[in-house]
Amino acid sequence: MNFQIVSFKAAYGTSAQIPPSDLPEIVFSGRSNVGKSSLINKLLNRKSMARVSAKPGKTATINFFALQEAYFVDLPGYGYAQVSEAEKRRWAALVEGYFAQERRMALVVQICDMRHPPTADDRTMIDFLYQNRYPFIIALTKLDKLKKTQRAERMAALQEELKDYPDLILCPCSSENGEGIDAIRRYIEESVRPAAETE
Ligand SMILES: Nc1nc2c(ncn2[C@@H]2O[C@H](COP(=O)(O)OP(=O)(O)O)[C@@H](O)[C@H]2O)c(=O)[nH]1
Ligand SMILES: [Mg+2]
C-alpha cells in the first residue's frame with residue numbers, strides 16, 4: 001500500500017454530507033490533543049497533511065484524505081472541556097451519524113495517550129467499538145516520553161485498565177521519533193487488502 005500519494009479530499013460538518021464509501025476507510029479517533037493529527041502525518045510521511053493544531057475545540061468536522069487504495073478518515077477530537085453543550089451535541093450527531101452509515105470501515109485506529117489510563121471518554125469509545133465489533137487497534141502514542149522501565153509499567157497497567165476488553169491490539173508508538181509507526185502501517189495494510197481483493 002502506498003502511503004506517499006495522498007491528497008486532502010473534503011471536510012464534512014454533518015454526516016448527511018458524507019458521500020457513500022467508494023474505498024475502504026481507515027478511521028482515526030481520539031480525544032483532542034492526544035496526537036491524532038501528528039500520527040496521521042507520521043503515517044503519511046507528511047509534515048502537515050492533517051493539521052497539528054495548538055487550538056483544540058475549533059468547529060468539528062470529519063476530514064477525508066484520499067490514498068490510492070483507501071481513505072484516512074480523521075474524526076473530530078472529543079473531550080475538550082471548554083466546548084459548549086451545543087457543540088458537544090453536534091460532535092455526537094456527526095460521529096454517531098458517520099458510524100451509523102453503511103460504510104467500508106476497514107480499521108479504526110483508536111488513539112490513547114500511553115502515559116495515562118484511558119479517560120472516561122476513551123473508554124466510551126473503546127466500549128462502542130468493542131461492543132459493535134468494529135475492527136480496531138489502539139495506538140498508544142507519546143511513547144517517546146516514557147523511559148524504558150516506565151514503558152513496561154504502563155503496558156502492564158494498561159492490560160489491567162482495559163481488562164474488560166480481551167484481545168485488544170495495543171500498539172505503542174511515537175510520532176516524535178517514529179517508533180511503532182511501521183507496525184501500525186502493517187495493520188492498516190492488512191485491513192485494506194481483503195476488502196480490495198473482493199472487488
Ligand atoms: N512527544 C510527543 N509529542 C507528541 C506526539 N504526538 C503528538 N505530540 C504533540 O502533542 C500535541 C498535540 O498533537 P496533535 O497532533 O495536534 O493532537 P490532536 O489534537 O489529537 O490532533 C502537539 O504539541 C504534538 O506535537 C508524540 O508521539 N510524542
Ligand atoms: Mg488534530
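Tutor: Helix H1 is followed by Asn45, whose phi is positive, near 60°. Helices here are DSSP runs of H or I with at least four residues, and strands are runs of E with at least two, numbered from the N terminus. This is a predicted model: local features need pLDDT of at least 70, side-chain atom pairs count only at pLDDT 80 or more, and totals for chains, interfaces and linings use all residues. Residues are numbered from 1 along each chain as its sequence is written, while chains are lettered from A and ligands numbered from 1 in the order in which they are written.

Now the helix itself. Buried residues in H1 are Lys36, Ser37, Leu39, Ile40, Lys42 and Leu43. Buried means 20 or more other C-beta atoms, placed from the backbone, within 10 Å of the residue's own.

Next, the strands beside it. H1 lies across S2, S4, S5 (105-113) and S6 (136-141). Contact means C-beta atoms, placed from the backbone, within 7 Å. H1 runs at about 145° to S2. Axes are lines fitted to C-alpha atoms, for helices over the stretch in contact, with angles from 0 to 180 degrees between N-to-C directions.

S2 (residues 25-30) and S4 (residues 71-74) pair in the parallel sense over four bridges. Pairing takes at least two DSSP bridges. Val27 stands opposite Val73 in S4.

Last, the ligand. H1 (residues 36-44) gives the most to the shell around ligand 1, with three residues. In total, 19 residues surround ligand 1, and the closest include Lys36, Ser37 and Ser38. A residue counts as near if its C-beta atom, placed from the backbone, lies within 6 Å.

How values were computed
Two residues are in contact if their C-beta atoms, placed from the backbone, lie within 7 Å. A residue is buried if 20 or more other C-beta atoms lie within 10 Å of its own, exposed if 12 or fewer, and partly exposed in between; C-beta atoms are placed from the backbone.
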